[in-house]
Amino acid sequence: MSVALKVGAEPAAAFDAFVEELAATLTRIGIEFEPGPEGRIVEGGFEVGRVTAWERPARALLEWHSAGWDPDDRTEVEVRCEAAGEATRLTVEHRGFGRQFWAEQEIVGWFADQVATPFLSRSSPRMFGNWLTDRAARRPFGGYARTSYRDPTHHRPSFGAVLAELQPGPDDVLLEIGCGGGAFLAQALRSGCRAAGVDHSAEMVQVARDVNADAVADGRLEIVQADAARLPFPDDAFTCAAMMQVFFFFLDPAAVLAECHRVLRDGGRLAVFTVAEEARGTAAAPEPMASRARFHTDEELVQLAQGAGFAEATVTRPDLEPHAREAGLPEDVVALFAGEQRAGQLLVAR
């Protein structure tokens, strides 16, 4: 039994990327993979696989144990990376699997149920779109996300608009909800404020801690994995709060705003940057993310804030071009934020 993928990368890059992604994905489902010549794979204390050959980037070979109740059932898993013209063919082959089936035809049922169905379903529009949305924006994970969220250039104009509104200073304690890789926090901390960030992506939390390692070590910044609707902070903990590019993914935005109101001190200020529905299908809200987002009118945003307890709430459509220039973005990127059509919504509440 084998599966193969042809990818436009050198064999070494393909091999390293696959090993990294495999280890991260297995960890998310409770299986620990230790890559390398002495590596092994462990599930619930049971050794599922053991590396018997590690010939990067050509191949890796594992002795595999799929039946913990039968120690003699040992199979072989091989990962191969082979040059195929200007691309690389990545193959995973599992040899000898199938001894535990009660009838010979049962392996066909297992293959249809456990291999073919997940393969097809995860390339169908609904699940494929969900995966792309989560990986890139809703719950970022993977090597590309860990790199790009360290410096999300296209988000920096909204950073500038939010900071211009909040004007944090040394006496402020700032909260960012959906902090991603911590780039906004790094920029805000230059004001001398103290801060905290939350994100529900474990990988983004780690990136944000790395990006802001000095501030974390100095006690000026705390970054935690948490649900935006259940913030792990006491009442009146912050003087200001910010959200950017996350509000349209909240299942219960009213609950998130109520939590913001709870953790803000009297007179505390909130700035939320999101995009209006007229941006659907543009670079500001591309598919498939747009179909999985919740858009609000300006009036709905004001009503949500007031319903959460904020006495004052307004929505503006800020001009992001000056902030894009201030961020030092290239002219072709600045051009994305120019023009009279302003679909970015900035909710400010107190």
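**Sheet, helices and cores**

Me: Which strands does helix H9 lie across?
Reply: This is a predicted model. In it, H9 (residues 253–263) lies across strand E8 (173–177), strand E11 (238–244) and strand E12 (264–275).

Me: And at what angle does H9 run to E12?
Reply: About 150°.

Me: What's the strand order in the sheet?
Reply: E10-E9-E8-E11-E12-E14-E13. That makes seven strands in an open sheet, with mixed pairing.

Me: Which are the edge strands?
Reply: E10 (221–225) and E13 (313–316). Each pairs on one side only.

Me: How much are neighbouring strands turned against each other?
Reply: By 15° on average, ignoring direction.

Me: Back to E10. How many bridges join it to E9?
Reply: Five, and the two strands run parallel. E9 covers residues 194–199. At Asp199, the residue opposite is Gln225 in E10.

Me: Which helix packs there, touching E9 and E10?
Reply: H7, residues 202–211. Its direction makes about 165° with that of E10.

Me: New topic. Which residues touch the most other members in the largest nonpolar core?
Reply: Val162, Leu174 and Phe184, out of 42 residues. Elements giving two or more residues to this core include helix H5 (156–166), helix H6 (183–189) and strand E14 (344–349). H7 and E10 are also among them.

Me: What is Phe184 in contact with, leaving aside neighbours within four places in sequence?
Reply: Phe159, Val162, Leu163, Leu174, Glu176, Ala242 and Met244.

Terms used: Residues are numbered from 1 along each chain as its sequence is written. This is a predicted model: local features need pLDDT of at least 70, side-chain atom pairs count only at pLDDT 80 or more; totals for chains, interfaces and linings use all residues. Side-chain values use heavy atoms; hydrogens and water are left out. Two strands pair if DSSP finds at least two bridges between them. Helices (H or I, at least four residues) and strands (E, at least two) are DSSP runs, numbered from the N terminus. Axes are lines fitted to C-alpha atoms, for helices over the stretch in contact, and angles run from 0 to 180 degrees between N-to-C directions. Contact means heavy atoms within 4.5 Å. A nonpolar core is a set of buried Ala, Val, Leu, Ile, Met, Phe, Trp, Tyr and Cys residues joined through side-chain atoms within 4.5 Å. Buried means under 20% relative accessible area, exposed over 50%, partly exposed in between (1.4 Å probe, protein chains only).
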